[in-house]
Amino acid sequence: MLSYQHGFHAGNRADVLKHAVLHTLFGAYRKAEKPLLYVETHSGRGRYDLKGPQARKGGEADDGILSMTGGKAPKPLQPWVSFVEQEGIQNYPGSPAHAQKLLPEKSRYILFEKHPAEYEALSKAMAGDDRIQIRKADGYGSALKLSPRTGEQMVCLVDPSYETARDIDALALWTPKALKRWPRATLILWLPLFRDGREAEFGEYLTTLDECFVAGARWPVDAVKETALEGSAMVVYRAPPETREPCLNIASALQSWWSDKPLGG
């Protein structure tokens, strides 16, 4: 599927949890002694203008990051929100930009993005950084051909669109292959929490594959509101031990923060 463009959803509630958790994980790896290989299977544009036409069409960031700026964020979210404010709302960092800014200087990056417009925008956003390779290819099949170099620690983020049920099926097949191919890598999966609960069995399956933690939060949605999502989760395999509690604290804080803030209310 090549219809999905994250610019229409950038900065929304799902992004808030995802990026706050990534900020914590990347902050821990910043102190790593080993060089890093960072891989993304579905990279998007890299950076987004939250005041631009795509983001303003649905205004999803209003219920997400824009509701937390200016000192309003729950305490566990404040480091990430400060990072976003420093980068700028019109230069909102997606996951590739988070990694570029926060991972160690000697990191190596391979970013996959198949959508033509997103690939071009990503290439522009990451231009001038010779540590970064951007490949216009299917992230699932292409990533599994990669191997970290001797002495490298590998970190891989998987963040598909979940436009159709096939996305869940594809990730269910891909994840055990990836865990086996990279037995010491950190693998980070973003998982939407749907109103109809279609992801529940899949989420339970993921937790059986290897040592991991799940940081997730839900938000209230008006019964008549047209949205498929009511939450977001990050499944993190082989994370640095010190990141587990901060990531779970982020999820817990968001669960409380959103409990009296219906989406679009």
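What covers the buried residues of α8? The cover includes α7, β7, β8 and β9, where contact means heavy atoms within 4.5 Å. Keep in mind that this is a predicted model: local features need pLDDT of at least 70, side-chain atom pairs count only at pLDDT 80 or more, and totals for chains, interfaces and linings use all residues. Residues are numbered from 1 along each chain as its sequence is written, and side-chain values use heavy atoms, with hydrogens and water left out.

**Helix α8**
- Helices here are DSSP runs of H or I with at least four residues, strands are runs of E with at least two, and both are numbered from the N terminus.
- Helix α8 spans residues 200-207, and its buried residues are Phe202, Gly203 and Leu206 (buried is under 20% relative accessible area, exposed over 50%, partly exposed in between, with a 1.4 Å probe and protein chains only).
- These residues cover an arc of only 100° around the axis, so they sit on the same side of α8; the arc is taken from the directions from the helix axis to the C-beta atoms.
- Over on the other side of α8, you'll find Glu201 and Glu204 exposed.

**The sheet**
- Seven strands make an open sheet with mixed pairing, in the order β5-β4-β1-β6-β7-β9-β8; two strands pair if DSSP finds at least two bridges between them.
- At the edges are β5 (132-135) and β8 (212-218), each pairing on one side only.
- β8 and β9 (residues 229-237) run antiparallel and are joined by seven bridges; Phe213, for one, has Val236 in β9 as its bridge partner.
- Helix α7 (residues 165-181) packs on the sheet, touching β6 (153-158), β7 (186-194) and β9, and its direction makes about 160° with that of β7 (axes are lines fitted to C-alpha atoms, for helices over the stretch in contact, and angles run from 0 to 180 degrees between N-to-C directions).

**Aromatic rings**
- Rings of Phe, Tyr and Trp (its six-membered ring) pair if their centres lie within 6.5 Å; planes under 30 degrees apart are stacked, over 60 edge-to-face, and the rest tilted.
- That rule gives six aromatic pairs.
- Tyr140 and Trp174 have ring centres 5.6 Å apart and planes at 45°, so their pair is tilted.
- Tyr140 belongs to helix α6 (residues 139-143) and Trp174 to helix α7, so the pair ties together parts 34 residues apart in sequence.
- Tyr140 counts as buried at 11% relative accessibility, and Trp174 does too, at 4%.
- One aromatic cluster is made of Phe26, Tyr38 and Tyr109.
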